[in-house]
Amino acid sequence: MTDTIQNLKNEAIELLQKLIAVPSFSKKEDKTAAVIADFLTAKGIPVNRSGNNVWARNKHFDAAKPTLLLNSHHDTVKPNPGYTRDPFQAEIIDGKLYGLGSNDAGGTLVSLIATFVYFYDVPGLSYNIVLAATAEEEISGTGGIEQVWNDLPKIECAIVGEPTLCEAAVAEKGLMVLDCVSMGKAGHAAREEGVNAIYQALDDIDWLRSYQFPKISQTLGKVKMSVTVIQAGQAHNQVPAECRFTVDVRVTDAYTLEEVLAVIKNNVICDVKPRSLRLRSSGIDKKHPLINAVNMLQLRQYGSPTTSDQALIPVPSIKLGPGDSARSHSADEFIYIDEIRKGIDLYIQLIRNL
C-alpha cells in the first residue's frame, strides 16, 4: 500500500504540472476540466461533468450511507503583473513547483484527487466519498459548486481544499458587498446652495467605520465593515448631487447576512443594496465527526477571514489543505513538492479517522 501512495503522490505532481500549463481563468476552465476528467478516466473511474465542473463517486457507493464531499477548484486569477517567469511553465526548482494556480488551489486539488483515487475502490467503507473539482471559485460565480450541487448525491459533510498550511479552518466569514448611494442636491460651490452628497455620505461612512456589532463569534471574532470604493463629483465648482460608495462586510457565524443588513439599513441614511446574499458564514459543531478526526491528528483549528466555496456549501465543512494562503495570487506563485506529499498523507489519515 505504501508503494501505491507513493505512486499517487508522483502522479498528483505530474497532474498539477499539466494543469498549470493550461490557462484556466474563471469561466474559461473547460480545458483544465478535460485534463482532470482524462486523469480520472485513465484510472477507470466514471466521470460526470456539468459545465466546467467535474465530479465522481467511489466505486462502492451506497445511497444508504452518508456521503463525504472532497471539493477544490481548478480556476485561477489572472497572473500578477509582477511575474518574472512564465506563469504557465510548471518548473520544479529547489523543491518548489512554480506556476499560476500551483498554490491556490492546484496543490490541494491534486492532493484531494489522489486521496479520492486511493479510496475509490476500497470496499466496506462506512461512508461514501464524492470528489468535485469545481469552477469559478475565484469570482464566487454561479457556474461552480452551486451549479453542480443539485447533481451530486446527498452530501452530509465536506472537506474544502484550500491552502491552509494543513491547518483546519473550522469556520469562515461570509461576505456581503453593499452598493450605497447618498443623495444631495446640485448647486454652485461658490454660493450657499445645493446639498453636498459627499457630506451626506460622510456621516454614514463614519458610522460604518465605528460601529461594533455586539455579538462576537468564538472562532471568527467580530463582524468587519470596510468602505473600499467611493465615487462623487464632476467638477471643482459644482456641489455633487450623488455620492456612491461600496462597503465590504465580513459576517461571522454570530449573525445571518439578513440580520447584519437590517442593522445597517436602520442606522444609515443612504440607499443600501446588497449585490447578493449568497456567500454565507460557515461553522461546524465541535462534536462533528470531521472535528473528531481533526482532533485525532492534533491539527490547529482556526476561523478563516477569507471566503471560499465553503460559503456556498450548505452542509458542515472544514477548509484544509497544503500550501500557504499568503502565496495565493502572488507573483511567481509556487508550492513546495513536500507540501503536496504531506497533504496527501494528511487527507488519507483524516478520512481513515472518520
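Helices α3 (residues 102-120) and α8 (residues 337-353) cross in a right-handed way, meaning the near helix is turned clockwise from the far one by less than a right angle. This is a predicted model, where local features need pLDDT of at least 70, side-chain atom pairs count only at pLDDT 80 or more, and totals for chains, interfaces and linings use all residues. Residues are numbered from 1 along each chain as its sequence is written, and side-chain values use heavy atoms, leaving out hydrogens and water.

Axes here are lines fitted to C-alpha atoms over the stretch in contact, with angles running from 0 to 180 degrees between N-to-C directions. Helices are DSSP runs (H or I, at least four residues), numbered from the N terminus. Among the residues that meet, look for Tyr-118 and Phe-119 in α3 and Tyr-347 in α8; contact means heavy atoms within 4.5 Å. By class, this contact has 10 nonpolar, 5 polar and 1 charged residues. Ala, Val, Leu, Ile, Met, Phe, Trp, Tyr, Cys and Pro count as nonpolar, Asp, Glu, Lys and Arg as charged, and the others, Gly among them, as polar.

Now follow α3 to its meeting with α2 (residues 30-42): their axes come within 11 Å and cross at roughly 20 degrees, so α2 and α3 are roughly parallel. Here Ile-36, Phe-39 and Leu-40 in α2 meet Leu-109, Ile-113 and Val-117 in α3. That contact has 6 nonpolar, no polar and no charged residues.

Methods:
Helix = DSSP H or I, 4+ residues; strand = E, 2+ residues; numbered from the N terminus. Parallel < 35°, antiparallel > 145°, perpendicular 65-115°, else oblique.
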